[in-house]
Amino acid sequence: MLDEHTKAGAEDTSTVKSVVCTSCDGFCPVSAKVEDGRVVKIQTRDHPLFKGVLCMKGAYAPKQFSHPDRILYPLKRVGERGGGQWERVSWDEAMDDIAVRLQKVVDQYGPEALAVAQSGATGLGDNGLCRRFMNYLGSPNWIGGVAYCAGNTAAVNRYVYGWFPRADIYHSKCIVLIGHDPRRHSWTMEYKALRMAQANGAKLIVVDPRRSENAERADIWLPLRSGTDAAMSLGWLNVIIEEELYDKEFVRDWTVGFDELVERVREYPLDRVAAITGVDAE
């Protein structure tokens with residue numbers, strides 16, 4: 001908790017605490033209204049960058065946690081499947097029962113007969129324990145946000161400029177969105193920073209097959225064919241290098257393999273990129 005204060009009024013005993021939402025890996029700063037030790041409402045912070053934008057995951061978190069039907073303990077079916085008959089069992093009993101059933105599957109069909117799909121972009125719920133368990137079991141059939149999104153992003157970031165840096169959208173003069181559509185209730189901080197940057201004169205380029213909300217607000221919308229964003233990027237690099245629009249001192253001091261990159265992007269002149277992406281060369 002960063003800070004808290006009691007609201008004005010003799011009868012109001014609620015407090016508002018500044019917290020960070022961990023419903024996803026956006027980690028948005030929010031305010032939580034607390035009554036009798038329980039969060040009853042999530043709202044935005046009173047700050048220009050955070051005010052007026054809140055995703056639905058954060059907004060509905062109090063209702064999820066306090067829902068009367070939320071499962072808090074292990075339950076075991078005691079009637080026919082689909083009958084809705086359950087009884088509460090201990091954690092030890094539940095774990096032992098699961099272990100016996102899993103072992104039976106592994107013994108009969110092998111560990112690859114099991115697959116796990118995990119929510120949470122970075123395995124927020126268990127800090128990677130589920131993935132390690134599948135490793136121990138001997139099954140590669142684990143899938144989650146790490147494989148689809150965060151892991152790939154992290155690998156690319158480490159290769160080029162570090163571990164998950166946040167873009168300085170607010171101070172940027174030109175912003176490019178490639179297949180990314182921040183909205184008021186999704187990627188909220190990026191959305192707000194984007195709108196504030198545009199209000200300060202920043203130009204927006206949206207590369208997206210869909211005419212999204214940001215495409216509607218863009219200075220340039222490039223509706224490329226799905227799956228051709230790599231060709232688009234190589235074409236851009238070709239123009240940037242040919243017209244010497246890059247920072248030569250930075251390339252000299254901080255990069256490796258630039259000559260090889262130059263040769264690679266020469267394979268993507270604008271006429272070829274236009275044919276691949278379906279976007280006019282201009």
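# A chat about helices, loops and a core

User: Hi! Which residue follows α8, and what is its phi?

Analyst: α8 is followed by E244, and the phi of E244 is positive, near 55°. Helices here are DSSP runs of H or I with at least four residues, strands are E runs of at least two, and both are numbered from the N terminus.

User: Before I go on, what sort of model is this, and which limits apply?

Analyst: This is a predicted model, where local features need pLDDT of at least 70 and side-chain atom pairs count only at pLDDT 80 or more, while totals for chains, interfaces and linings use all residues. Residues are numbered from 1 along each chain as its sequence is written, and side-chain values use heavy atoms, with hydrogens and water left out.

User: Thanks. Where is E244 placed?

Analyst: E244 sits in the loop between α8 (229-242) and α9 (248-254). It is a residue other than glycine with a positive phi.

User: How many residues does α8 have, and how far does it reach?

Analyst: α8 has 14 residues and reaches 20 Å from its first C-alpha to its last, close to the 20 Å expected at 1.5 Å a residue. The expected span is 1.5 Å times one less than the number of residues in the helix.

User: Which residues of α8 are buried?

Analyst: They are A231, M232, L234, G235, N238 and I241. Buried means under 20% relative accessible area, exposed means over 50%, and partly exposed is in between, with a 1.4 Å probe and protein chains only.

User: And what covers them?

Analyst: The cover includes β10, β11 (220-222), α10 (258-265) and α11 (270-277). Contact here means heavy atoms within 4.5 Å.

User: Where does α5 bend, and by how much?

Analyst: The bend is at G151, by about 40°. That is the angle between axes fitted to the seven residues ending there and the seven starting there. Just after α5, G162 takes a positive phi of about 120°.

User: How is the protein divided into domains?

Analyst: Domain 1 is 15-66, domain 2 is 75-147 and domain 3 is 169-277, with bounds from an automatic or database domain assignment. The C-alpha centres of domain 2 and domain 3 lie 42 Å apart.

User: Which residues make up the largest nonpolar core?

Analyst: There are eleven: I169, I175, L177, A193, L194, A197, A202, L204, V206, A215 and A218. The elements giving two or more residues are β9 (174-178), α6 (188-199) and β10 (203-207), and α6 gives the most, with three. Such a core is a set of buried Ala, Val, Leu, Ile, Met, Phe, Trp, Tyr and Cys residues joined through side-chain atoms within 4.5 Å.

User: What does A193 touch?

Analyst: Leaving out residues up to four places away in sequence, A193 touches L49, I169 and Y170.

User: How about N214, is it buried or exposed?

Analyst: N214 counts as buried because its relative accessibility is 0%. It is found in helix α7 (residues 213-217). Not counting residues up to four places away in sequence, N214 touches L177, D181, P182, L194, R195, L204 and V206.

User: What does UniProt list for residues 13-69?

Analyst: The unreviewed UniProt entry lists "domain: 4Fe-4S Mo/W bis-MGD-type" there. UniProt positions are given in the numbering used here, feature names are shortened, and annotations may be inferred rather than shown by experiment. In the model, residues 13-69 are 16% helix and 35% strand, with the end C-alpha atoms 27 Å apart.

User: Why does I42 count as buried?

Analyst: I42 counts as buried because its relative accessibility is 13%. I42 lies in strand β4 (residues 38-44) and, not counting residues up to four places away in sequence, touches V30, S31, A32, L54, G58, A59 and P62. A32 is in strand β3 (residues 29-35) and is buried, with a relative accessible area of 4%.

User: Last one: what lies in the loop between β3 and β4?

Analyst: D36 lies there. D36 is exposed, with a relative accessible area of 78%, and has a positive phi of about 55° although it is not a glycine.
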